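Dear colleague,

Here is the structure for your files. My notes on the ligand site and the salt bridges follow it.

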Amino acid sequence: MTQEKSEVSKFAAEAGRKVEYAKGLEGVILTESSLSFVDGLAGKLIYRGVPIQELAEYSTFEETTYFLMFGEFPKKDELEKFDQKLKQNRILPPELLNMIKMFPKTAHPMEALRTGVSILGMLDTNKEDISRETNIERAIQLIAKFATIVAAFNRHRNGKDFVAPNLNFNHAKNFLYMLRGKEPSELEAKAMDVGFILHADHEMNASTLSCRVVVSSLSDIYSAVTAGVGSLKGPLHGGANEEVMKMLGEIGGVDKTEAWIKDALSNKKKISGFGHRVYKYYDPRAAILKSYAEKFAEVRKDMKEWLEMAKLIEKIMIETLGEAKGIYPNVDFYSGLIYSAMDIPMDLFTPIFAISRITGWTCQILEQLVDNRIYRPRAIYIGSIDAHYVPMDKR
Ligand code: COA
């Protein structure tokens with residue numbers, strides 16, 4: 001290659017030269033999508049044009065999933081058929097159940113979920129068929145089975161027998177039932193359903209991007225979803241609600257809250273459950289979850305102090321950083337409180353996020369495959385451009 005045709009000068013950073021690029025892909029447009037959209041300045045989230053508030057109030061996780069997947073609200077018989085399909089697919093193959101029994105009890109439930117998805121991929125006997133119809137069937141299976149994998153692993157690590165899915169319960173209620181082996185209260189089932197709706201999709205976040213990148217090489221849907229689970233696991237993404245509860249525990253009471261937060265901020269600590277790459281205003285999902293946290297505090301007196309602490313943190317954060325830096329509560333701030341009110345262990349918070357987000361991941365994967373182009377960006381090369389091999393005796 002001649003020097004004139006070389007790209008080195010374009011991509012190599014000259015000494016001292018500051019080259020502009022979008023670190024963390026901030027603001028970069030990667031694709032067209034009609035699934036969901038975040039208006040970060042207005043604090044709005046829509047799924048296919050419909051405000052999240054309306055879906056949380058009037059829809060169900062099953063109906064929202066159908067709507068995201070097929071682009072229209074289902075008619076009564078379509079919803080019934082879809083619901084039946086999800087129910088039939090809740091049961092895990094015996095091979096996977098036997099594997100879960102061998103998972104180390106010390107594993108994080110996100111690790112169990114990640115491995116569970118991989119095993120489902122290995123068990124797919126129809127791998128050559130990558131048609132859209134078959135991928136939709138796979139998506140429905142994954143959506144149905146995620147809740148069962150998480151519940152089964154939690155039973156296993158606590159030395160308890162698996163609880164078979166109850167086909168009379170909806171997805172959210174059945175998940176809580178499989179987790180505990182007893183029927184949840186109406187409030188618990190409703191709050192879980194609303195939580196599932198709110199987390200179902202969120203345009204171009206890290207885990208969704210991971211799914212899209214993997215499937216863009218025409219790899220399989222299981223590999224893509226495995227990457228999504230791995231990405232969601234991180235504390236800067238789905239792991240933040242776990243961190244919120246740890247923080248509340250560390251603070252230890254309403255009277256200590258103000259001093260703790262102010263001290264943390266003065267030490268440049270990031271407060272979990274606050275801030276967002278896109279939302280520079282109140283995350284609408286946080287407002288809905290806060291209303292459920294308030295409902296739980298009415299029936300669970302022990303939740304009252306947690307909620308008071310959370311509200312005080314919110315007040316201090318908005319006063320200090322709201323206007324100044326666009327830092328407001330995000331979806332993770334109140335979700336942990338709700339799950340704690342249901343006595344769900346902290347390390348299941350992110351898997352619960354995944355049980356819902358599998359809807360978004362699979363819909364985004366299906367959308368990616370309609371007009372696919374493999375992801376292949378570039379990096380600014382800052383290494384040496386004229387180095388040579390160094391023989392062993394000269395190193
Ligand atoms: N607490 C205190 N300050 C925060 C903050 C938080 N949670 N989030 C951001 N900031 C501040 C940063 O310190 C930075 O200040 P500076 O300009 O003085 O350096 C500024 O706001 C921008 O933050 P930055 O980290 O560059 O934003 P980002 O877009 O890269 O990160 C998050 C977004 C979500 C990763 C970040 O807000 C965060 O770490 N939040 C806590 C974890 C969390 O709740 N994650 C769940 C997201 S749904």
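A polar contact here is a pair of N or O atoms within 3.5 Å; within protein, one must be able to donate a hydrogen and the other to accept it, and residues adjacent in sequence count only if both atoms are side-chain atoms. By that rule, a nitrogen atom of the ligand is 2.8 Å from a polar backbone atom of Phe 274. A ligand oxygen atom lies 2.3 Å from a side-chain N or O atom of Lys 270, and a polar side-chain atom of Lys 325 is 2.7 Å from an oxygen atom of the ligand.

This is a predicted model: local features need pLDDT of at least 70, side-chain atom pairs count only at pLDDT 80 or more, and totals for chains, interfaces and linings use all residues. Residues are numbered from 1 along each chain as its sequence is written, and side-chain values use heavy atoms, with hydrogens and water left out.

The whole structure holds 19 salt bridges (a side-chain nitrogen of Lys or Arg within 4 Å of a carboxyl oxygen of Asp or Glu). In one of them, Asp 347 meets Arg 157 at 2.7 Å, N to O. Asp 347 is in the loop between helix 16 and helix 17 and Arg 157 in helix 7, so the pair ties together parts 190 residues apart in sequence (helices are DSSP runs of H or I, at least four residues, numbered from the N terminus).

Lys 173 and Glu 183 form another, at 3.2 Å, N to O. Salt bridges that share partners join Lys 173, Glu 183 and Glu 186 into one network.

Regards

Notes: Helix = DSSP H or I, 4+ residues; strand = E, 2+ residues; numbered from the N terminus.
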